[in-house]
Amino acid sequence: MPRTSLDAVAVQAATARLSDVERTLPEGRQPVHTCYVPASAVTGDLIADWGAQALAALDGHADALTALLPEALAPVIHDRVRAKLAAEPVEDLRIDFEDGYGAPDDAVEDADAERAAGVVAEWARDGVLPPYVGIRMKSFDTRALRERGIRTLDIFLTALGDPPPGFVLTFPKVTSVDQVEVFGEILDLFGVPLRFEIQVETTQSIVDPEGRLAIPRFVEAGRGRVSGLHFGTYDYTAGCGLGAAHQHLAHGACDFARNVMQVAAANAGIRVSDGSTNVLPVGDAVAEGWRTHYGLVRRSLSHGFYQGWDLHPAQLVTRYAAVHAFYLEGVEADARRLKAYVDRAGGTVLDEPATAQALSSSFLRALDCGALDEAEVLRVTGLGVDGLKALVSREP
């Protein structure tokens with residue numbers, strides 16, 4: 001037996017107050033986007049209509065999309081985007097009762113809340129729900145907004161009945177721990193499990209009045225209900241005092257806020273989502289709108305933000321094109337690194353378990369969004385879905 005110097009009892013006493021490090025991963029599939037649609041525009045045909053409009057945009061402006069894509073991958077991406085738009089155009093839908101909806105008379109909002117809930121219930125009955133769906137209510141900024149938002153939530157959930165799988169609420173313009181605590185207490189009154197996303201679109205949601213990072217305290221105040229952090233581009237940049245010409249996703253002020261979100265959510269079982277661009281691909285500006293959107297989506301992906309907001313059906317084209325190109329461009333190199341890690345075959349890069357986790361997560365995301373299928377992933381990595389999930393969770 002080798003000789004040692006430390007007394008085992010003394011070591012145990014010294015380490016007794018330590019606990020194992022917990023890494024909580026988000027559950028289930030992460031959508032590549034959240035589509036925001038004003039409640040007044042929600043109809044039973046909404047999902048099909050968005051898919052049809054996106055396909056029409058793709059057919060009418062195919063060359064403009066091709067100009068954005070890697071030349072060798074362009075035909076494959078066209079085909080896969082078309083298949084995605086036909087099969088599942090919307091991965092996450094948020095029925096908007098906030099900025100995108102406005103402030104109609106109370107009777108109008110009451111009716112829209114009840115009607116929109118009926119549409120969601122109908123989709124659930126017909127088996128055509130998007131993987132994720134929910135509502136964005138009004139903020140808690142003022143008493144009037146609080147009361148209106150809670151009433152809308154009450155009408156919607158009462159008309160809906162049991163929320164379907166993948167149902168989520170979006171809580172906008174959060175500025176204080178108290179708001180999160182009270183929102184959680186309101187949700188408790190419904191007597192059913194309800195989770196919510198915090199929209200990070202105020203400076204107070206990044207740094208609180210005492211100079212502390214705010215998001216960790218928000219998450220703690222949510223008592224396990226917080227499922228995501230969503231960045232709000234325009235409210236946040238306006239809150240920072242930026243002029244209109246500089247209010248965009250690629251601004252450094254946005255990068256700082258998103259980095260705080262990313263660090264706060266890491267290992268907490270919480271997803272992060274980037275925001276939106278208001279440069280829409282419509283009319284004579286389709287090519288410009290697509291170029292802007294495609295570039296911003298690729299930038300977000302490279303920074304580790306795998307979800308963002310889409311505000312118009314034509315943005316679905318560049319959302320899926322950018323996401324598919326991102327995964328397809330790196331598939332061979334990522335697969336080689338993953339196989340070398342699994343086989344312990346060495347190579348020019350010595351990867352850590354954390355890198356194998358990231359590589360496996362990337363392949364699973366590619367599967368979820370339709371950029372790759374299981375046969376392709378098995379061919380290039382030698383791993384099936386179960387094997388990839390084991391690496392993500394760092395199981396032996």
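Here is a walk through the strands, salt bridges and one surface patch of this structure.

You are looking at a predicted model, in which local features need pLDDT of at least 70, side-chain atom pairs count only at pLDDT 80 or more, and totals for chains, interfaces and linings use all residues. Residues are numbered from 1 along each chain as its sequence is written, and side-chain values use heavy atoms, with hydrogens and water left out.

Beside β3 runs its partner β2 (residues 92–96), paired with it in the parallel sense over five bridges; two strands pair if DSSP finds at least two bridges between them.

Follow the chain out of β3 and you come to Lys138, in the loop between β3 and α6 (143–160). Lys138 has a relative accessible area of 7%, so this residue counts as buried. Its C-alpha atom is separated by 23 Å from that of His248, 110 residues apart along the chain.

Strand β5 (residues 196–200) is next. Five of its five residues are buried, so β5 is largely enclosed by the rest of the structure. Phe196, Ile198 and Val200 point one way, and Glu197 and Gln199 the other. β5 pairs with β4 (residues 167–171) in the parallel sense over three bridges, and Thr170 stands opposite Glu197.

Now for the charges. Side chains of opposite charge can pair when their charged atoms come close. A search of the whole structure finds 30 salt bridges, each a side-chain nitrogen of Lys or Arg within 4 Å of a carboxyl oxygen of Asp or Glu. One of them joins Arg29 and Glu88, whose closest N and O atoms are 2.6 Å apart. Arg29 lies in the loop between α1 (8–15) and β1 (33–38), and Glu88 in the loop between α4 (74–87) and β2, so the pair ties together parts 59 residues apart in sequence. Arg80 and Glu376 also meet in a salt bridge, at 2.5 Å from N to O. This pair links distant parts of the chain, with Arg80 in α4 and Glu376 in α15 (residues 374–381), 296 residues apart.

Another salt bridge brings together Glu109 and Arg148, at 3.6 Å from N to O. Glu109 is in α5 and Arg148 in α6, so the pair ties together parts 39 residues apart in sequence. Glu109 is buried, with a relative accessible area of 1%, and Arg148 counts as buried at 8%. Elsewhere, salt bridges that share partners join Asp96, Glu98, Asp99, Arg136, Lys173 and Asp235 into one network.

Finally, turn to Glu122 in helix α5 (residues 106–126). At 35% relative accessibility, Glu122 counts as partly exposed.

Conventions
Helix = DSSP H or I, 4+ residues; strand = E, 2+ residues; numbered from the N terminus. Buried < 20%, exposed > 50% of the residue type's maximum accessible area, 1.4 Å probe, protein only.
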